[in-house]
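Here is a short report on a predicted model. It covers the packing inside, the surface and a few helices.

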Amino acid sequence: FGSSAIPWFAGLIALGGIISFYNLEKIFFSTRIAQLSTLLLIVQPTYVFYISRPYWHNGSFVSLLVIAAWLFSQAILKPSIVRYFGAGLGLGFALAFRASEILWLAPMLVAIGLIVKRKIKKIILPYFFIGLLVPIIPVAYFQYQTYHQSVLGAYGALGSSAFAQTSTSVFSKFFQFIMPWGFHPIRAVSKFWQFSIGMMFPAVGLGLLGALTLIKQKNLKKSLSWWYVVFLSTISLWLLLYY
């Protein structure tokens with residue numbers, strides 16, 4: 001097939017992401033909401049921008065992550081070895097595209113696991129991790145060939161040299177790991193305003209309207225929606241500061 005197949009694979013991944021998003025939405029909402037939200041995804045400027053550029057891995061990562069989420073939901077709703085393996089495989093491929101995102105995907109996966117722990121079949125859970133490792137192992141190998149270690153990757157190499165300093169404190173190393181570019185809150189807010197509010201106000205405006213509507217619901221604090229708001233807001237804030 002050669003490198004000429006890359007655009008086709010990227011297109012198929014994007015299509016799979018859209019279909020998976022629709023099916024995932026139908027689990028939690030009505031068919032009409034699933035249709036509307038999927039339509040909004042298809043015309044979402046950032047998503048269209050990245051999935052139309054097959055050599056940029058951002059779009060494929062997001063699509064694979066949505067595919068993994070849908071496969072994970074199927075594994076919880078209809079447990080089987082194949083579905084558990086498939087869920088792990090989907091997440092593994094997503095991390096193979098952008099391994100640095102494990103910093104927020106790992107705690108999110110733990111949180112989701114705690115929420116649905118009663119529905120998880122522990123006997124077949126190892127198949128999830130086997131599927132997860134299948135795409136990760138070759139990535140770790142080529143990471144080692146490129147950077148001479150399997151974990152840090154390009155961000156650590158391009159960021160500061162805190163890992164290379166043996167005298168650096170554990171806290172400094174940890175901070176360098178979660179903030180390889182440093183802590184710049186004013187610049188982060190400025191960039192967020194420029195790219196989110198300035199360039200994509202229609203999409204962001206709908207999102208903010210939905211968030212405010214959700215927060216104003218009466219029994220929000222007594223439902224999982226409250227934890228959803230808190231957890232997703234925390235991740236969003238960290239990603240804003242990270243990038």
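## The main nonpolar core

In this predicted model, the largest nonpolar core holds 26 residues. Those with the most contacts inside the core are F61, L65, Y84, L91, W104 and L105. Five helices each supply at least two of its residues: α4 (57-77), α5 (81-97), α6 (102-115), α7 (125-147) and α12 (224-242). Helix α4 gives the most, with seven residues. In soluble globular proteins, nonpolar side chains tend to be buried together.

What does Y84 touch, leaving out residues up to four places away in sequence? The list is A75, I76, P79, K119, I120, K121, I124, L125, Y127 and F128.

## A second core

A separate core has six residues. Among them are A14, I18, L41 and V66.

## Helix α5

Helix α5 has 17 residues. From its first C-alpha to its last, α5 reaches 25 Å. That is close to the 24 Å expected at 1.5 Å a residue.

Which residues of α5 are buried? They are Y84, G86, A87, G88, G90, L91, G92, A94 and L95. These buried residues pack against α4, α6 and α7. Two of the buried residues, Y84 and L91, are also listed with the most contacts inside the largest core.

## S60 in helix α4

S60 lies in helix α4. Is S60 buried or exposed? Its relative accessible area is 6%, under the 20% cut-off, so S60 counts as buried. Leaving out residues up to four places away in sequence, S60 touches A10, I13 and F97.

## Helix α10

Helix α10 covers residues 185-198, which makes 14 residues. Why does its length agree with expectation? At 1.5 Å a residue, α10 should span 20 Å, and its end C-alpha atoms are 18 Å apart, so the two values agree. The buried residues in α10 include A188, S196 and I197.

## A nonpolar surface patch

Helices α2 (31-42) and α11 (201-215) each supply at least two residues of the patch. The largest share, three residues, comes from α2. L206 is found in helix α11.

How values were computed. Residues are numbered from 1 along each chain as its sequence is written. This is a predicted model: local features need pLDDT of at least 70, side-chain atom pairs count only at pLDDT 80 or more; totals for chains, interfaces and linings use all residues. Side-chain values use heavy atoms; hydrogens and water are left out. A nonpolar core is a set of buried Ala, Val, Leu, Ile, Met, Phe, Trp, Tyr and Cys residues joined through side-chain atoms within 4.5 Å. Buried means under 20% relative accessible area, exposed over 50%, partly exposed in between (1.4 Å probe, protein chains only). Helices (H or I, at least four residues) and strands (E, at least two) are DSSP runs, numbered from the N terminus. Contact means heavy atoms within 4.5 Å. The expected span of a helix is 1.5 Å times one less than its number of residues.
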